[in-house]
Amino acid sequence: MRKIVGIPITSICKALGFSRQAYYKWQTKQEERIFFKEKIVSAVKKIRTRQPMVGCRKLQKMLEHKSLVIGRDNLFEILRFDKLLIRTKRNYRITTDSNHLFKKYSNLIKDREFKEKEKVFISDITYIRTREGFKYLSLISDKVSRKIVGYHLSKDLKAEASLKALIMALKKVKNPSDLIHHSDRGIQYCCYAYTNYLGKKNVQISMTKDNHIYENAQA
């Protein structure tokens, strides 16, 4: 009779409420999983000798051609455990410069719920990689409907681009005085040209805390 740490398997199974046959069935499955994992790791290493930078998604398809069918999440966990994940280098572009002397405004929308459109406009800037280099997209969206109401694509981060997006966004607003404009503390939104235009339209100005991205997460 087989034992685990000096205790008969039958006794352990009885104490845990399942049969010895169930234990051996579980043990067989565990051995099959380990064997399957070893086959996956071996196949991945062979593929990587020819294509060192091939990622998880492509690996999954390539393994299927070798009759090794595995889910993406399961494959990811195996690659992570065996330190076979590819670390990609990303080329980031900083779009927010809050190190300036312009006035920074308080957050007027934090912990508040809005249910109507044209009550809060959210602003931000993102970058797009093109054949000609990086372009910068100024966006303004309605907080409730999430509709893009203003945008402008530019080759630089000058405030003029953000202002053009703002002008587009406010063109069809019926009651600008009921509106809150929310953004980060980037120089594009704090500069005189931008804040003066908001003041001219009687739009309330709201901004995140310094470097607090979660207060502008929707953007």
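## Basis of the description

A residue is called buried under 20% relative accessible area, exposed over 50%, and partly exposed in between, with a 1.4 Å probe and protein chains only. This is a predicted model, in which local features need pLDDT of at least 70, side-chain atom pairs count only at pLDDT 80 or more, and totals for chains, interfaces and linings use all residues. Residues are numbered from 1 along each chain as its sequence is written, and side-chain values use heavy atoms, with hydrogens and water left out.

Helices (H or I, at least four residues) and strands (E, at least two) are DSSP runs, numbered from the N terminus.

## Loop residues with positive phi

Lys 83 lies in the loop between α4 and β3. Its phi is positive, near 55°, in a residue other than glycine. With a relative accessible area of 76%, Lys 83 is exposed.

Glu 118 is also found in the loop between α4 and β3. Although Glu 118 is not a glycine, its phi is positive, about 60°. Its relative accessibility of 29% makes Glu 118 partly exposed.

## The nonpolar cores

A nonpolar core is a set of buried Ala, Val, Leu, Ile, Met, Phe, Trp, Tyr and Cys residues joined through side-chain atoms within 4.5 Å. The largest one has 21 residues, and those touching the most other members are Phe 121, Ile 140, Leu 166, Leu 170, Leu 179, Tyr 194 and Leu 198. At least two residues of this core come from each of β3 (120-130), β4 (133-142), α5 (159-170), α6 (187-190), α7 (192-200) and β7 (204-207). The greatest share is that of α5, with five residues. Another core, of 15 residues, lies apart from it and includes Ala 43, Cys 56, Leu 63 and Ile 78.

Contact means heavy atoms within 4.5 Å. Leaving aside residues up to four places away in sequence, Tyr 194 touches Ser 123, Ile 140, Ser 162, Leu 163, Leu 166, His 181, Gln 188 and Tyr 189.

Tyr 194, Thr 195, Tyr 197 and Leu 198 are the buried residues of α7. They lie on the same side of α7 because they cover an arc of only 155° around the axis, the arc being that of the directions from the helix axis to the C-beta atoms. Among the elements that cover these buried residues are β3, β4, α5, β6 (180-183), α6 and β7.

The face turned away from the buried side of α7 carries the exposed residues Tyr 192, Asn 196 and Lys 200. After α7 comes Asn 202, with a positive phi near 60°.

## Helix packing around α3

Axes are lines fitted to C-alpha atoms, for helices over the stretch in contact, and angles run from 0 to 180 degrees between N-to-C directions. The axes of α2 (residues 20-50) and α3 come within 11 Å and cross at roughly 110°. Helix α2 is therefore roughly perpendicular to α3, a term for angles of 65 to 115 degrees. Here Ile 40, Ala 43, Val 44, Ile 47 and Arg 48 of α2 meet Leu 59, Met 62 and Leu 63 of α3.

The axes of α3 (residues 56-64) and α4 (residues 72-81) come within 10 Å and cross at roughly 110°, so α3 is roughly perpendicular to α4. Cys 56, Arg 57, Leu 59, Gln 60 and Leu 63 of α3 make this contact with Arg 72, Leu 75, Phe 76 and Leu 79 of α4.

Definitions and conventions:
Angles under 35 degrees count as roughly parallel, over 145 as roughly antiparallel, 65 to 115 as roughly perpendicular and the rest as oblique.
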